[in-house]
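Subject: A structure for you to explore

Hello,

Here is the structure I promised to pass on. Please open it and keep it beside you while you read my notes.

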Amino acid sequence: MGLNTLFKALGDDTRREILHLLARGDMAAGEIAAAFDLSWPTISHHLSVLKEAGLVQDEKKGQYVIYSLNTTVFQDIAGWLFDMLGIITERQPARKGGVKDGK
C-alpha cells in the first residue's frame, strides 16, 4: 500500500462514508449500495478503490460479497500520523504562559 493510493482513496466523501458504514460492521456489497443514491457501477468503483488501497477486504460467502475494514491499515495510518505529530511537536519551541490574545 502506497500513501498516495491510500490518501486518494480517503479523499472522496463517498468512500469515507463507506468506511464509516463498515466501521459499524461487515456488510454485503448490496447493503452498501442500498445506503447510497448512486448506481451500482459507481459503488463498485468506490469499493475497488478502497480495496486497492488496502482499506477494505472482501470475502465471497455464497452468492454475496462481504466487505470489512482492514484494521491493520488503519493502525498503520494512526502510527504514521502519531510519528508525524511527534516530529512536529519536537521542532516547535515550548510555549510558556499559554496562547496570547493577539497582543
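A word to start with: a residue is called buried when its relative accessible area is under 20%, exposed when it is over 50%, and partly exposed in between (1.4 Å probe, protein chains only). By that rule, 29% of the 103 residues of the protein chain count as buried.

Two notes on where the values come from. This is a predicted model, in which local features need pLDDT of at least 70 and side-chain atom pairs count only at pLDDT 80 or more, while totals for chains, interfaces and linings use all residues. Residues are numbered from 1 along each chain as its sequence is written, and side-chain values use heavy atoms, with hydrogens and water left out.

The overall layout

The protein chain has 5 helices and 3 strands; helices (H or I, at least four residues) and strands (E, at least two) are DSSP runs, numbered from the N terminus. Contact here means heavy atoms within 4.5 Å. Taking contacts between residues at least 6 apart in sequence, 52% join residues at least 24 apart.

Two crossing helices

Two packed helices are described by the angle between their axes and the distance between the axes. For helix 2 (residues 13–23) and helix 4 (residues 40–52), the axes come within 10 Å and cross at roughly 75°. Helix 2 is therefore roughly perpendicular to helix 4, a label used for angles of 65 to 115 degrees. The axes are lines fitted to C-alpha atoms, for helices over the stretch in contact, with angles running from 0 to 180 degrees between N-to-C directions.

Which residues of helix 2 meet helix 4? They are Thr 14, Arg 15, Ile 18 and Leu 19, and their partners in helix 4 are His 45, His 46, Leu 47, Val 49 and Leu 50. Have a look at His 46, which counts as buried at 7% relative accessibility. Not counting residues up to four places away in sequence, His 46 touches Asp 12, Thr 14, Arg 15 and Ile 18.

A serine in strand 3

Is Ser 68 buried or exposed? This residue of strand 3 (residues 64–69) is buried, at 14% relative accessibility. Leaving aside neighbours within four places in sequence, Ser 68 is in contact with Leu 22, Asp 26, Leu 55, Val 56 and Gln 57. Ser 68 and Gln 57 are 11 residues apart in sequence, and their C-alpha atoms are 5.5 Å apart in space.

Salt bridges

The whole structure holds 2 salt bridges, each being a side-chain nitrogen of Lys or Arg within 4 Å of a carboxyl oxygen of Asp or Glu. In one, Arg 16 pairs with Asp 13, with the closest N and O atoms 2.1 Å apart. Arg 16 and Asp 13 are 3 residues apart in helix 2, so about one helical turn separates them. Arg 16 is partly exposed at 33%, whereas Asp 13 is exposed at 57%. Asp 58 and Lys 51 also form a salt bridge (2.9 Å, N to O).

A nonpolar patch

Leu 3, Phe 7, Trp 80, Leu 81, Met 84, Ile 87 and Ile 88 make a nonpolar surface patch of about 590 Å². Patches are made of residues with over 30% relative accessible area and no salt bridge, with like charges joined within 9 Å and nonpolar side chains (Val, Leu, Ile, Met, Phe, Trp, Tyr) within 5 Å; areas come from the Shrake-Rupley method with a 1.4 Å probe, and for residues only the protein chains shown count as cover. Helix 5 gives the most to this patch, with 5 residues.

Enjoy exploring!

Methods: Parallel < 35°, antiparallel > 145°, perpendicular 65-115°, else oblique.
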